[in-house]
Amino acid sequence: MPRIRTAAALGAAALLGVSVLAGCSSSSDSTETAAASAEASSAEMLPPVIITADQTSATCAVGNFLDIVIPEADLAGTTVGSSDDAIVSVTQAKEEGGALFNPGGECLAPGEATVTVTNPDSSTRDIAITVTQ
């Protein structure tokens with residue numbers, strides 16, 4: 001009898017060991033899959049196109065974002081508009097959670113649009129945006 005119990009205990013321990021190893025290998029695979037998925041997502045994300053005060057044109061790819069740099073003192077009174085929202089949609093400057101965000105936009109479809117920046121003193125400047133595939 002003691003040999004049967006010992007054999008049964010050894011068999012159970014072996015099965016437990018195999019189960020633990022199988023569990024480790026599948027969690028490792030899912031971790032690797034998640035890491036590969038995260039790398040693919042970050043590889044697809046494009047950096048924003050930064051538009052400075054002296055720029056009158058910019059080019060961006062579909063899916064890219066625009067960041068229109070405005071002096072901090074002028075952010076509250078500055079607005080932006082797009083000549084074609086189907087090509088370039090714009091977002092206004094804002095303060096959120098104590099952080100200030102420049103106005104910007106998203107390049108949605110191939111084509112050309114003009115983004116007009118209106119400053120607090122009512123002066124304007126146009127930025128010609130060319131959106132590529």
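**View 1. Strands E2 and E10 of the predicted model pair in the parallel sense.** The pairing between E2 and E10 runs over five bridges, and the model shown here and in the other views is a predicted one. Opposite alanine 61 stands threonine 132 of E10. Both strands belong to an open sheet of four strands, ordered E2-E10-E9-E4, with mixed pairing. The edges of this sheet are E2 and strand E4 (79-82), each of which pairs on one side only. On average, neighbouring strands of the sheet are turned by 25° against each other, direction ignored.

**View 2. E9 and E10 form a hairpin with five residues between them.** The two strands run antiparallel and are joined by eight bridges. Within this pairing, glycine 111 stands opposite valine 131 of E10. Serine 122, in the turn of the hairpin, has a positive phi of about 75°. Most residues other than glycine have a negative phi. Serine 122 has its positive value although it is not a glycine. The residue lies in the loop between E9 and E10 and counts as exposed because its relative accessibility is 57%, where the cut-off for exposed is over 50%.

**View 3. The side chains of E10 alternate between two faces.** In a regular strand, side chains alternate between the two faces of the sheet. Arg125, Ile127, Ile129 and Val131 of E10 point to one face and are buried.

**View 4. The largest nonpolar core has 19 residues.** Among these residues, the ones that touch the most other members are Ile51, Cys60, Leu66, Ile68, Val88, Ile129 and Val131. At least two core residues come from each of strand E1 (49-51), strand E2 (57-61), strand E3 (65-68), strand E9 (111-118) and strand E10 (124-132). In soluble globular proteins, nonpolar side chains tend to be buried together.

**View 5. Four strands form a second open sheet, in the order E1-E3-E8-E5.** The pairing in this sheet is mixed. E1 and strand E5 (88-91) are the edge strands and have a single partner strand each, so one side of each is left without a neighbour in the sheet. Neighbouring strands here are turned by 25° against each other on average, direction ignored. E1 pairs with E3 in the parallel sense over three bridges. Isoleucine 51 has isoleucine 68 in E3 as its bridge partner, and both Ile51 and Ile68 are listed among the core residues that touch the most other members.

**View 6. The largest pocket has a volume of about 260 Å³.** The lining consists of 14 residues, of which Leu66, Thr91, Asn102, Gly104 and Gly105 are the closest to the pocket centre. E3, E5 and strand E8 (104-107) each supply at least two residues of the lining. These three strands also take part in the open sheet ordered E1-E3-E8-E5. Leu66, one of the lining residues closest to the centre, is also a member of the largest nonpolar core.

**View 7. Leucine 100 and glutamate 72 are 28 residues apart in sequence and 7.9 Å apart in space, C-alpha to C-alpha.** Leucine 100 lies in strand E7 (residues 99-101), whereas glutamate 72 is placed in the loop between E3 and E4. The two residues are also in contact: leucine 100 touches Glu72, Leu75, Lys94 and Glu95, not counting residues up to four places away in sequence. With a relative accessibility of 41%, leucine 100 counts as partly exposed. Glutamate 72 counts as exposed because its relative accessibility is 61%.

Terms used
Residues numbered from 1 in each chain as written. Predicted model: local features only at pLDDT ≥ 70, side-chain atom pairs only at ≥ 80, totals over all residues. Heavy atoms only, no water. Core = buried A, V, L, I, M, F, W, Y, C linked by side-chain atoms within 4.5 Å. Buried < 20%, exposed > 50% of the residue type's maximum accessible area, 1.4 Å probe, protein only. Pairing = 2+ DSSP bridges. Axes fitted to C-alpha atoms, helices over the stretch in contact; angles between N-to-C directions. 1 Å grid on protein atoms, 1.4 Å probe; cavity = no way out; pocket = protein on both sides within 12 Å on 5 of 7 lines; lining within 4 Å. Points joined across faces, edges and corners; volume = space filled by probe spheres on them. Contact = heavy atoms within 4.5 Å.
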